[in-house]
Amino acid sequence: MRAAPLLNTAARNVLSSGIAGFLRPGTLCSCPFTRQMAIPGRADHLDRTASNFRQMDIFPARVCGIIDETESVRRLRLEVSHPNFSFRAGQWVDFFIPGMEKVGGFSMCSAPGLLQREGVIELAVKYAKHPPAHWVHTTCTLDSRVDVRVGGDFYFDPTPDDSPVDLLLVAGGVGINPLYSIFLHAADLLRHAHTHTSSQTYTPGYTRLLYSAKNTQDLLFKSTITAVCKEFPEKFSCKFNITQPTGDIEQELQPYTRQGRISEAQLEECVSERTLCFLCGPPPMIEGLSALLRSLGLSEDRIRYEKWW
């Protein structure tokens with residue numbers, strides 16, 4: 001197995017343990033599957049994802065930006081300069097920290113286009129006592145060095161030959177991370193289609209985002225999400241569902257916000273024969289919404305999901 005140079009000890013240990021990658025799957029999107037975050041007494045990230053696709057290589061990365069998105073979520077900007085590093089919108093990384101045995105698993109919240117333009121990826125990590133997440137919030141600084149390896153079967157990566165689909169992205173809490181990556185990728189594809197008219201260009205259909213959080217303060221990336229919807233009003237829409245509002249909703253968010261959980265009526269408005277749905281959030285939410293989608297006529301093979309808790 002070949003690895004990029006300058007790996008930290010944790011990454012070398014994983015390579016020597018025999019955990020291998022898998023062949024690259026199909027290009028448009030994943031097969032349906034379930035992935036759960038750590039719960040005491042259950043397997044850790046590497047064990048839970050052992051059957052998922054993984055790239056063969058582990059790459060060194062440098063922390064080049066840190067932003068506190070909310071009181072409990074920190075966004076890391078990682079410079080990954082190796083030319084062979086790549087990922088698909090919606091995938092995650094194994095996150096190796098020098099001197100730490102536990103390996104983190106964090107979805108990328110940036111689009112592949114950002115890597116192509118600037119050589120960086122972004123992760124939004126919620127505070128937790130789990131050692132990798134705790135390190136991000138308490139120890140990580142600018143210029144900290146880590147290693148990353150891309151994996152995951154939950155992604156959107158269309159080719160020019162694929163028929164356009166209408167994306168329905170449904171997020172709960174920090175489950176927004178991989179869906180935000182897909183949302184941004186769809187916007188990049190649309191910008192590219194507007195400036196390139198060749199047959200080798202994929203033109204996205206309509207993209208809808210339904211995003212549920214306790215309050216507007218917990219909504220990640222809301223400014224960029226609404227900006228994309230304003231940039232492409234005929235191609236993008238979003239609705240923020242707030243379940244436990246703590247005060248008046250900011251004026252600029254009012255057109256996009258409603259109180260209460262994501263409803264069957266909302267889903268019904270979004271479903272058509274061209275719909276491809278990606279769900280990410282707490283297991284009870286995903287199980288309930290996927291059942292509703294099936295009852296609305298969306299076939300199982302057009303529902304993709306990750307369960308993050």
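Where is the place of phenylalanine 221? Phenylalanine 221 sits in the loop between E8 and H6, where helices (H or I, at least four residues) and strands (E, at least two) are DSSP runs numbered from the N terminus. At 5% relative accessibility, phenylalanine 221 counts as buried; buried means under 20% relative accessible area, exposed over 50%, and partly exposed in between, with a 1.4 Å probe and protein chains only.

This is a predicted model, in which local features need pLDDT of at least 70 and side-chain atom pairs count only at pLDDT 80 or more, while totals for chains, interfaces and linings use all residues. Residues are numbered from 1 along each chain as its sequence is written, and side-chain values use heavy atoms, with hydrogens and water left out.

**Overall content**

The protein chain has eight helices and 12 strands. Of its 309 residues, 53% count as buried. Among contacts (heavy atoms within 4.5 Å) between residues at least 6 apart in sequence, 76% join residues at least 24 apart.

**The six-stranded sheet**

Six strands form an open sheet in the order E4-E3-E6-E1-E2-E5, with antiparallel pairing. Two strands pair if DSSP finds at least two bridges between them. E4 and E5 stand at the edges with a single partner strand each, so one side of each is left without a neighbour in the sheet. From one strand to the next, the twist averages 40°; axes are lines fitted to C-alpha atoms, for helices over the stretch in contact, and angles run from 0 to 180 degrees between N-to-C directions.

Strand E1 (residues 59–68) is joined to E6 by four bridges, with proline 60 opposite aspartate 147 in E6. E1 also pairs with E2, over six bridges, and here aspartate 68 stands opposite arginine 74 in E2. A hairpin of four residues joins E1 to E2.

The buried residues of helix H4 (residues 131–138) are Pro132, Ala133, Trp135, Val136 and His137. They pack against strands E2 (73–79), E3 (92–96), E4 (104–107), E5 (120–126) and E6 (145–151). H4 lies across these strands and runs at about 105° to E5.

The loop between H4 and E6 holds threonine 141 and aspartate 143. Threonine 141 is partly exposed, with a relative accessible area of 43%. Leaving aside residues up to four places away in sequence, threonine 141 touches Val63 and Ile66. The C-alpha atoms of threonine 141 and isoleucine 66 are separated by 7.6 Å, although these residues are 75 apart along the chain. Aspartate 143 is also partly exposed, at a relative accessible area of 45%.

**Positive phi values**

Most residues other than glycine have a negative phi.

| Residue | Phi |
|---|---|
| Aspartate 143 | near 75° |
| Phenylalanine 221 | near 65° |

Helix H5 (residues 176–195) has 20 residues and reaches 29 Å from its first C-alpha to its last. That is close to the 28 Å expected at 1.5 Å a residue, the expected span being 1.5 Å times one less than the number of residues. Of the 20 residues of H5, 16 are buried, so H5 is largely enclosed by the rest of the structure.

The axes of H5 and helix H6 (residues 222–231) come within 11 Å and cross at roughly 30°. The two helices are therefore roughly parallel to each other; angles under 35 degrees count as roughly parallel, over 145 as roughly antiparallel, 65 to 115 as roughly perpendicular and the rest as oblique. The contact is made by Tyr180, Phe183, Leu184, Ala187 and Arg191 of H5 and by Thr224, Ile225, Val228, Cys229 and Glu231 of H6.

**Strands E8 and E9**

Strand E8 (residues 207–213) and E9 run parallel and are joined by seven bridges. Leucine 210 stands opposite lysine 239 in E9. Five of the seven residues of strand E9 (residues 236–242) are buried, so E9 is largely enclosed by the rest of the structure.
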